[in-house]
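I opened the model and kept notes as I went. The entries follow the order in which I looked things up.

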Amino acid sequence: MRVLDVLRKGLEDIAVKETSITYIDGKMGRLFYRGYSIFDLAELSSFEEVSFLLWKNKLPNIRELETFKKTMAEQREVPGQILEYLAKIDPSSNPMDVLRTTVSMMGTADRSDSDNFEKSIRLTSKIPTIITSFHRIRAGLSPVQPDSSLTHASNFLYMLTGQKPSEVEEKTMDVVLILHADHEMNASTFACLVIASTLSDIYSSVIGGISALKGPLHGAANSEALKMFLEIGSPDNVEEYVYKRLSRKERLMGFGHRIYKTYDPRALILRSYADKITSVKGNRNLYEIARKIEEIAVRSLGQKGIYPNVDFYSGLVFYSLGFSPEFFPTVFASSRVVGWTAQVMEYLNDNSS
Ligand code: ACO
């Protein structure tokens, strides 16, 4: 067989490993984590519970969940050398570069003989502290110490703004984290697995995942979608903008997906949270612009199987919660680290059996 007979650009249709972590039904627009529908998890679960589910392949009982939440909360503080580094570096540095470097510092400092599960908890608990500390330093503010009495989502927002979030802010943050936690085989997960396949350590795998997610084709379509809403400025300008763009064969950011040929279920869930959060945050105009784009574009592009993807509403939600657009990929990474590490652990277990 000639090499060209098996070559698939972009690794399309190339199987890398089997997984029981995530299942995507692209035709029906469904997503499952360990067999549980994303709709149910978003409504009834929490980010901590979903993390346990992805890592441990079962939902925790009440006692297990309480202990697990406590363990995660106790791991939020980062080594002093990381805070010193954040205070010293050029504040205009790309937040994904900063995250990559600080995860590398964490890996260098972690000489423990903890297993990959414990290291995954450490990574997931500390990454929000790194992101929010740098976010605040860039804005000329001091980092806020984590509060172990708060949930993961609530503490994340507390460290960002210095204020305890409202119920709607906390739930919105929790849901956005749940929705980004895993998505089968994508570029960043693949990068993590390539690194794990040489029996390198889990920090190195996560650094690979962050590096791949940094690319504009992977982790940044959400900020592009938000930029589009800001540029349009008013729902009255949407029609002209969308038709002009489509007639020039330009793509609408946050539309289309390699697997989903209908609505990405995460976009549907986020739409309802974008509706709620923009109502309380005073940027309802942006939500109305998004809804109008969706309505017009689905009419034109739906027949080609092009519908809103997760990025269409996630940028608007991150922005409404107080994150600057340059930080959107880091928030994505703070959740996807659960999927990356779960996939690495699944891969290593399978490899050694
Ligand atoms: N806006 C307008 N038209 C589109 C869009 C879009 N966003 N996406 C695809 N189309 C059109 C194409 O122009 C093409 O039209 P044609 O048949 O008339 O030439 C048709 O739909 C099929 O296009 P493909 O590129 O074959 O579609 P594919 O499913 O392979 O592309 C992709 C998926 C790359 C995500 C694409 O839809 C895109 O570029 N979207 C914009 C960027 C984006 O939102 N990325 C985030 C993806 S989700 C994630 O990574 C988490």
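**Entry 1**

I started at Ser142, which I found in the loop between α7 and α8 (152-161). Helices here are DSSP runs of H or I, at least four residues, and strands are runs of E, at least two, numbered from the N terminus. I noted first that this is a predicted model: local features need pLDDT of at least 70, side-chain atom pairs count only at pLDDT 80 or more, and totals for chains, interfaces and linings use all residues. Residues are numbered from 1 along each chain as its sequence is written, and side-chain values use heavy atoms, with hydrogens and water left out.

Is Ser142 buried or exposed? Ser142 has a relative accessible area of 53%, so I logged Ser142 as exposed. My cut-offs are under 20% relative accessible area for buried, over 50% for exposed, and partly exposed in between (1.4 Å probe, protein chains only). I then took the distance to Thr102: C-alpha to C-alpha, Ser142 and Thr102 are 18 Å apart in space and 40 residues apart in sequence.

Next I checked α8. I counted 9 of its 10 residues as buried, and the helix is mostly covered. Among the buried residues are His152, Asn155, Phe156 and Tyr158. Just after α8, I saw that Gly162 takes a positive phi of about 85°.

**Entry 2: the ligand**

I turned to the ligand. Which of the 19 residues around the ligand come nearest? I listed Leu252, Gly254, Phe255, Lys261 and Lys304. I sorted the shell into 8 nonpolar, 5 polar and 6 charged residues. In that sorting, Ala, Val, Leu, Ile, Met, Phe, Trp, Tyr, Cys and Pro are nonpolar, Asp, Glu, Lys and Arg are charged, and the others, Gly among them, are polar.

I looked for polar contacts (pairs of N or O atoms within 3.5 Å). A ligand nitrogen atom sits 2.8 Å from a polar backbone atom of Phe255. A ligand oxygen atom is 3.5 Å from a polar backbone atom of His257. At Lys304 the side chain takes part: an N or O atom there is 2.9 Å from an oxygen atom of the ligand. On its own the ligand has 930 Å² of accessible area, and the protein covers 69% of that. These areas come from the Shrake-Rupley method with a 1.4 Å probe.

I went back to Leu252, in the loop between α13 (238-247) and α14 (265-281). Leu252 has 4% relative accessibility, so I put Leu252 down as buried.

**Entry 3: salt bridges**

How many salt bridges does the structure hold? I have 17 in my notes. The rule is a side-chain nitrogen of Lys or Arg within 4 Å of a carboxyl oxygen of Asp or Glu.

I picked out Lys214 and Asp97, with their closest N and O atoms 2.9 Å apart. This pair links distant parts of the chain, 117 residues apart: Lys214 is in the loop between α11 (202-213) and α12 (221-232), and Asp97 is in helix α6 (residues 95-109). Lys214 is partly exposed at 33% relative accessibility, and Asp97 is partly exposed at 23%.

Arg122 and Asp110 form a salt bridge at 2.7 Å, N to O. Arg122 lies in helix α7 (residues 116-138) and Asp110 in the loop between α6 and α7, so the pair ties together parts 12 residues apart in sequence. I found both Arg122 and Asp110 buried.

Asp275 and Arg284 also meet in a salt bridge, 2.9 Å from N to O. Asp275 is partly exposed at 28%, and Arg284 is partly exposed with a relative accessible area of 28%. Shared partners join Asp97, Arg100 and Lys214 into one network of salt bridges.

**Entry 4: aromatic rings**

I counted 14 aromatic pairs. Rings of Phe, Tyr and Trp (its six-membered ring) pair if their centres lie within 6.5 Å; planes under 30 degrees apart are stacked, over 60 edge-to-face, and the rest tilted. Phe312 and Tyr313 have ring centres 5.0 Å apart and planes at 85°, so I marked the pair edge-to-face. Both Phe312 and Tyr313 are buried.

Conventions:
Near = heavy atom within 4 Å. Polar contact = N/O pair within 3.5 Å; in protein donor to acceptor, adjacent residues only side chain to side chain.
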